[in-house]
Amino acid sequence: MSCRKMYRKGNIVVKLDYIATEESNEVSFNIDTLAVEDMVRLMNDEDKKVAEAVSKVIPQIAEASLTIYQQLKKGGRLIYIGCGTSGRLGVLDAVECPPTFGTDPEMVQAIIAGGENAFVKAKEGAEDDREAGKADLEARQFCGKDVLVGIAASGRTPYVLGAMEYARQVKAPVIGLTCCPASEMERLADIAIVLEPGPEIIAGSTRLKSGTAEKMVLNMLSTTVMIQMGKVYGNQMVDVKASNEKLVERAVRIVRNVTGTDGVTARETLKECDYSAKTAIVMILTKADRRTAEELLNQNEGRIRAIIENTEDAEDKEDVKHMAYTENMTDSEDAADTEDFDERGVLCG
């Protein structure tokens with residue numbers, strides 16, 4: 001059931017009855033009368049609907065991931081932009097990429113309405129400035145080889161829409177992530193990821209199910225893009241940046257898991273290559289020195305699997321050559337035996 005409400009912000013009249021994320025949830029009408037454990041149980045039951053909502057847009061998430069990867073491969077950047085909770089979620093995803101995947105901080109960026117301070121202190125009114133969204137992208141020198149992901153649970157936030165319009169002007173791919181169907185954001189996006197997790201248990205509080213759904217999608221986008229870029233081998237984060245003691249130990253564990261070597265060898269090899277897990281793995285698996293391992297990684301776009309497969313192919317070819325040589329030698333020896341000796345072993349001629 002939808003509540004018919006509207007309010008005025010400046011010259012903008014917002015009709016909340018047309019925004020899905022503003023609907024009231026019938027199951028939580030009496031939540032303020034429940035025991036705390038029952039409140040928690042109700043929230044948990046509602047949260048179970050989030051994964052189901054995400055599962056319905058997997059094709060769009062995959063398309064978006066492929067598009068982002070293609071832009072990054074061209075040397076472009078992934079830019080998230082949003083307001084409030086949605087903006088903070090973009091920031092969270094962006095800042096985790098360098099330590100997790102060893103990316104340059106410039107590769108994945110996030111912009112939040114109101115600037116960096118808005119991450120820790122809400123800046124009311126920033127989301128209503130459509131021109132500011134455009135201006136913030138211009139300040140980052142956003143261009144056609146980049147890719148924009150606009151995030152807005154309501155699908156109507158002016159700041160985000162202004163940024164999406166500008167991205168279209170410079171002919172960059174535009175991805176929209178929203179929790180409201182048939183929104184202006186959906187119409188502006190080249191790829192629209194429209195989640196429908198249902199009304200919040202506290203009407204309009206999109207930091208709840210809507211925020212959880214958005215975070216799940218952002219996790220999928222950044223992770224699958226980095227896998228495509230060779231930042232993961234098997235299920236190991238081989239480009240992890242070992243910037244503290246915990247991550248150094250993780251790098252040691254990753255090298256051990258991938259190569260099967262012992263802890264001492266893993267640690268010593270990591271020291272030789274400034275704790276680059278990816279380089280250490282190649283050094284151990286190919287028996288190469290650091291320089292050769294780094295050259296192999298450069299030649300194969302940082303993909304360990306490609307290096308291993310090429311090495312295995314070369315070894316297989318050598319094995320085939322060796323087998324053929326051995327067989328030829330055996331055949332020659334057999335022929336020589338047949339020609340030079342009779343059945344009694346006496347040399348003929």
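This is a predicted model: local features need pLDDT of at least 70, side-chain atom pairs count only at pLDDT 80 or more; totals for chains, interfaces and linings use all residues.

**Entry 1: helix α9**

Which residues are buried in helix α9 (residues 263-272)? I found A266, T269 and L270 buried there. I take buried to mean under 20% relative accessible area, exposed over 50%, and partly exposed in between, with a 1.4 Å probe and protein chains only. On the face turned away from the buried side, I noted the exposed residues V264 and K271.

Then I looked at the cover. What covers the buried residues of α9 includes α8 (245-259) and α10 (277-286). Contact here means heavy atoms within 4.5 Å.

At the start of α9, a side-chain oxygen of D262 comes within 3.0 Å of the backbone nitrogen of V264. My rule for a polar contact is a pair of N or O atoms within 3.5 Å; within protein, one must be able to donate a hydrogen and the other to accept it, and residues adjacent in sequence count only if both atoms are side-chain atoms.

**Entry 2: what kind of model this is**

Residues are numbered from 1 along each chain as its sequence is written, and side-chain values use heavy atoms, with hydrogens and water left out.

**Entry 3: the whole chain**

I counted 12 helices and seven strands in the chain. These are DSSP runs numbered from the N terminus, with helices as H or I of at least four residues and strands as E of at least two. The chain has 349 residues, and 43% of them count as buried. I also looked at contacts between residues at least 6 apart in sequence: 62% of these join residues at least 24 apart. The accessible surface comes to about 19,000 Å², and 50% of that belongs to carbon and sulfur atoms. The areas come from the Shrake-Rupley method with a 1.4 Å probe, and for residues only the protein chains shown count as cover.

Strand β3 (residues 78-82) pairs with β5 in the parallel sense over five bridges; two strands pair if DSSP finds at least two bridges between them. Along this pair, I79 stands opposite L148 in β5. Four bridges join β5 to β6, and these two strands also run parallel. There, G150 stands opposite G176 in β6. I followed the chain from β5 through helix α5 (residues 158-169) to β6, and this β-α-β crossover is right-handed. Right-handed means that, with the strands pointing away from the viewer, the path from the first strand over the helix to the second runs clockwise.

A polar atom of its side chain lies 2.9 Å from the backbone oxygen of A152. Leaving out residues up to four places away in sequence, T178 touches several residues, including S154, S183 and M185.

I looked at S154 next, in the loop between β5 and α5. S154 counts as buried, at 16% relative accessibility. With the neighbours up to four places away left out, S154 touches I19, T21, T178, C180 and S183.

**Entry 4: two positive phi values**

Q141 is not a glycine, yet it has a positive phi of about 55 degrees. Q141 lies in the loop between α4 (130-139) and β5 and counts as exposed, at 66% relative accessibility. D274 also has a positive phi, near 55 degrees. D274 sits in the loop between α9 and α10 and is exposed, with a relative accessible area of 58%.
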